[in-house]
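Have a look at the model first, then read along.

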Amino acid sequence: MADVRHCLCIFFIYWIGFAYGQKPSPNKRAQAAYIEAGKLLRINKLDEAAQKLSTAISYDPNFATAHQQLGDILRKQDRFIEASIHYQKVLQVDPDLTALTYFALGESLLFSGKYAEAQQALQRYLQRTAPTASSLKLIEKYLADCRYALLHNESQRGILQRLEGTINTPDDEYFPKLTADNRTIIFTRKTNNQENFYASNLTETGWSEAEKLAGNINSEAFNEGAHCISPDGKYLFFTGCNWPNGMGSCDIYVSKLESGSWSQPHNLGAPINSKGWEAQPAISADGRTLYFVSNREGGLGGYDIYSCRLQDDGSWSIPKNLGPKINSAFDESSPYIHADGRTLYFVSDGWPGFGRKDLFFSQLDSIQQWSTPINMGNGVNDFRDQTSIHVSMNGEVGHVSAQSSSGNLDIYSFRMPTGLQPDPVAYIAGSVRDANSDRPLDATIEVINTTTGNHVFRDHSDPGDGTFLAVLPIGANYAFQIQRAGYLSTSRQFALDNPQFTNDKFEIEIRLSAIEKGSVGTLNNIYFAVNRYELLSESTADLQLLFHFLRRNATVQIEIAGHTDSSGDSQSNQLLSERRAAAVKTYLLEKGISPDRITTKGYGANMPIASNNTEAGKRLNRRTTFSITGL
């Protein structure tokens, strides 16, 4: 839409120049000032031309063409309230000067929040002219905005709270992104037309004074901004424009936080970046899906939202346009995918809204189709520009960048309306270390929904400090698996099937034992019915984990041990533990593991690792372990 508006505005400015000679002012000083304004316009000095036109109007208040010309300049500079005053003067003194005055007035009123008056002016324009197809599309969009705004303009003001001066300054601040714990915010600040990244930390007294990100990510020669940050705060995807290694005007890059400093940015390359314009990345919580904006060929509008998947070989799939359920015939931008993996927030000036760029909300359904976007309402949106959003893990707090009454972009926070909140999530923060030396380990972290068998998370712990962060949707039981070559695989269980876990942070420390005789691994996701020894389907994830461990380590021999809690008599517990261990062995034999590599033993309730006086303790004691008996 911006391109159509720009073309129309330029057309107005220069077309009306031809009319000046036909309708000059009788006041010689006014006419002379107008002629000087025309000279300045031809060299694109809009501010100086506006001053000359104001001078002309001061000499002749009824100089219609000067009012029209000045209105066009002000509208091009987004000074819509001032522009509308001059257009109204044109219609007062010379309503037949040009039908385009009605369009310009309608747009200026729409972008000033005066919807009924804007609707009337735009309808008058359609009555007086036959616009081109592209112009008609724009006018119909504006009329749809007027109708929508008049139906949904109930008062909801005061929801947005401007962040303190440690973050917002007289410069533009935008693209707020927060880490999973909501304690660090990274945003873009534009100073003297130079964009750089800044960060602030939440303290007991509020947000700290924002400082430039340390390391190699900011540059003085180029612009970088429009970013997203992984939930663990260690990967920053961002937009770099006109960089020497760029493929187009703007490309998407990634940088990693290493020892407190951001690494040299890496261009993601093809097929994500192209000879066109790629920007505004948004990474999913599992790190496997990247959303971004592009004007590449084949889109539905000027700028569309695309997505691509990280494949098993480390490459990115061919980007896919999100289609007409998300992308309109105009511009979409600033996608933000929530940690639930299915709730998308984005900016659009194509879907019906309150005038300019509004924030919208859409969700994937069970067949991976996007719902019709919902405007986030006039508590968040207004007739000015809203440019980006971030939503907290629990879905209760949003941060947006929006245009203030002064025209600057600032960052605001607000309480998310219930109907616009994403699905609840929890997150697990932990570290992986060597059980003997305590040194950090780079291990593979996988999380599997034990009911569906779907992998919901896959990543590596940080090789520098062994840390990781996994975001999990509430409503399922998860097998949390940790693997590293040369070490025993292990697993944990997270039963997040209760909404009470929303936004809960689980902290765990995983200690992996090297593969050596006598070392023991625990599988916490082997399930049996009460007092039964038949394996339940929910056990598949950990059974597969043990199978792949044995296949990778073809000479390892193990003992599978069954353990129970203290419920029931000891003889029954002993027999039950033996049969459960045997069931695991049978599964492995059926998968092709040689029987001479596996022995089994039942320990009943004789080796508890927690108290049997609580249900939580009993759950820990009901476990399956394996130990190395031979190499």
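My entries below go from the whole chain down to single elements.

**Ground rules.** I am working with a predicted model, in which local features need pLDDT of at least 70, side-chain atom pairs count only at pLDDT 80 or more, and totals for chains, interfaces and linings use all residues. I number residues from 1 along each chain as its sequence is written, and side-chain values use heavy atoms, with hydrogens and water left out.

**Whole chain.** I looked up the extent of the C-alpha trace and found about 110 × 50 × 45 Å along the principal axes. The chain holds 11 helices and 33 strands (DSSP runs numbered from the N terminus: H or I of at least four residues for helices, E of at least two for strands). Of its 631 residues, 54% are buried (under 20% relative accessible area, 1.4 Å probe, protein chains only). I get an accessible surface of about 27,500 Å² (Shrake-Rupley method, 1.4 Å probe), and carbon and sulfur atoms own 49% of that surface.

**Contacts.** I took contacts as heavy atoms within 4.5 Å. Among those between residues at least 6 apart in sequence, 57% link residues at least 24 apart.

**Helix α8.** Does the length of α8 agree with 1.5 Å a residue, or disagree? It agrees: the 19 residues, 133-151, should span 27 Å, and the end C-alpha atoms are 27 Å apart (the expected span is 1.5 Å times one less than the number of residues). I also listed the buried residues of α8, among them Leu-138, Ile-139, Tyr-142 and Cys-146. Lys-141 and Asp-145 are on that buried list too.

I found β7 (residues 223-229) mostly covered, with six of its seven residues buried. Strand β8 (residues 235-241) runs antiparallel to β7, joined by five bridges; strands pair if DSSP finds at least two bridges between them. Glu-224 sits opposite Gly-240 in β8. Five residues lie between the two strands, and in this hairpin Gly-233 has a positive phi near 75 degrees.

**Sheet β16 to β19.** In what order do the four strands of this open sheet lie? I read β16-β17-β18-β19, with antiparallel pairing. The edges are β16 (332-337) and β19 (374-375), each pairing on one side only. Four bridges hold β16 and β17 (residues 343-348) in the antiparallel sense. One pair I noted is Ile-337 with its bridge partner Leu-344 in β17.

Key
Buried means under 20% relative accessible area, exposed over 50%, partly exposed in between (1.4 Å probe, protein chains only).
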